[in-house]
Amino acid sequence: MTKRDPSSLIRIARENGAEAEAEPLDLGARVRELRKARDWTLEQAASQAGLARSTLSKIENGQMSPTYEALKKLAVGLQISVPQLFTPPQKGQVNGRMTVTKSGSGSGHATATYEHELLADSLTKKQMLPYRARVRARTMEEFDGWVRHDGEEFLYVLTGVIRLYTEFYEPIEMRRGDSAYYDASMGHNVVSVSDEDATILWVTSLV
């Protein structure tokens, strides 16, 4: 097993799943698509949004840039949030994507403090990085400073007893079935306080 720290594993997973640069969104086309998805005419959509039909037509045809107030009205009328007006539809998305990792068959990566088993390693462009970890560390002194990286993280204790250390909170002792969700840019480390190595499930966001 190669020796890598958790931050480098997450960085590699992000690089492997990097998307091509997104094309600029055509707001008019997006509004038209949302309207047609609801099977509304221009008149119906304008009425729902409290806008003049001519105003909505100009927005859809790129003939005017709507004010923020108009965007809010559009969002309310379409029953979505304002950010969703600027979220492009997923194209070429493969439905039903799945992989199964049999027990003990994940990709192993050992460090001085953890022994990681990466799960769903065959899937690229994941939005989450799931991995099982055996916690070898028994004291904070075994770490070379805090572990921190972008994204959010979910931790679930599988076996044993751990102590979760974080940069801004008091240490928390956690047992089988306990879980924590936290900002991973905050320094964090985990040690086993049971006689045996504890095992945990970690899920880290990659977006």
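View 1. Trp 202 is buried, at 2% relative accessibility (buried means under 20% relative accessible area, with a 1.4 Å probe and protein chains only). This is a predicted model, in which local features need pLDDT of at least 70 and side-chain atom pairs count only at pLDDT 80 or more, while totals for chains, interfaces and linings use all residues. Residues are numbered from 1 along each chain as its sequence is written, and side-chain values use heavy atoms, without hydrogens and water. Tyr 131, in strand β3 (residues 128-135), and Trp 202, in strand β9, are 71 residues apart in sequence. Their rings form a tilted pair, 5.7 Å centre to centre with 40° between the planes (ring centres of a pair lie within 6.5 Å, using the six-membered ring of Trp; planes under 30 degrees apart count as stacked, over 60 as edge-to-face and the rest as tilted). Tyr 131 is buried too, at 3%.

**View 2. The aromatic cluster.** Tyr 114, Tyr 131, Phe 143 and Trp 202 make up one cluster. Tyr 114 has a relative accessible area of 1% and is buried.

View 3. Strands β1 (residues 107-110) and β2 (residues 114-118) run antiparallel and are joined by four bridges (pairing requires at least two DSSP bridges; strands are DSSP E runs of at least two residues, and helices H or I runs of at least four, numbered from the N terminus). Ser 107 lies opposite Leu 118 of β2.

Conventions:
Buried means under 20% relative accessible area, exposed over 50%, partly exposed in between (1.4 Å probe, protein chains only).
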